[in-house]
Amino acid sequence: MVACLPVRAATLVTTSDGRTYAVWERRAPSAIAFSFTDATESAAGIIPVTDDVARDTSPALALDPRTGSVVAVWSRFDGSYFKIAYARLESGIWVDFHYLTFGRGNDALPRLGS
């Protein structure tokens, strides 16, 4: 018997070089998964900072209009509240992880625009 766990729908962006990126919520264990595809290759992985015990939900992707970099935001449980987290993809590595929101209260369902 194979158990299938639900995942949320992926969000997609396509870079100027034709590479398509996607992110989605992996439910068990909680993490933000990503993939890329272009004319010659494809790969998938986990945004490394999310591969821990903290709950990560509702990812979204966009392209930074200044640099063309892929950026991701998502809700991340910090032990007390959900915060909006951010990371940027640079040379195939997710970098610059930080929170965009602070304080008391849950921040969920982040959205990006450019």
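Guide: Let us begin with pairing: two strands pair if DSSP finds at least two bridges between them, and strands themselves are DSSP runs (E, at least two residues), numbered from the N terminus. Please keep in mind that this is a predicted model, in which local features need pLDDT of at least 70 and side-chain atom pairs count only at pLDDT 80 or more, while totals for chains, interfaces and linings use all residues. Residues are numbered from 1 along each chain as its sequence is written, and side-chain values use heavy atoms, with hydrogens and water left out.

Visitor: How do you know that strand β6 and strand β7 are joined?

Guide: Strand β6 (residues 70–77) and strand β7 (residues 82–90) are joined by 8 bridges and run antiparallel, and because pairing asks for at least two bridges, they count as paired. One of the residues concerned is F77, whose bridge partner in β7 is F82.

Visitor: What makes β5 and β8 the edges of their sheet?

Guide: The open sheet is formed by 4 strands in the order β5-β6-β7-β8, with antiparallel pairing. Since β5 and β8 (93–99) each have a single partner strand, one side of each is left without a neighbour in the sheet. From one strand to the next, the twist averages 25°, where axes are lines fitted to C-alpha atoms and angles run from 0 to 180 degrees between N-to-C directions.

Visitor: Why is the contact of E25 with R55 called a salt bridge?

Guide: The term requires a side-chain nitrogen of Lys or Arg within 4 Å of a carboxyl oxygen of Asp or Glu; the closest N and O atoms of E25 and R55 are 3.4 Å apart, so the pair qualifies. E25 lies in strand β2 (residues 20–26) and R55 in the loop between β4 (42–46) and β5 (56–63), so the pair ties together parts that are 30 residues apart in sequence.

Visitor: Why is E25 called buried, and what is R55 called?

Guide: Buried means under 20% relative accessible area, exposed over 50%, and partly exposed in between (1.4 Å probe, protein chains only). E25, at 0%, is therefore buried, whereas R55, at 31%, counts as partly exposed.

Visitor: What makes R66 and D64 a salt bridge, and is each of them buried or exposed?

Guide: Their side chains meet at 3.3 Å, N to O, which falls within the 4 Å limit. R66, at 72% relative accessibility, counts as exposed, while D64, at 14%, is buried.
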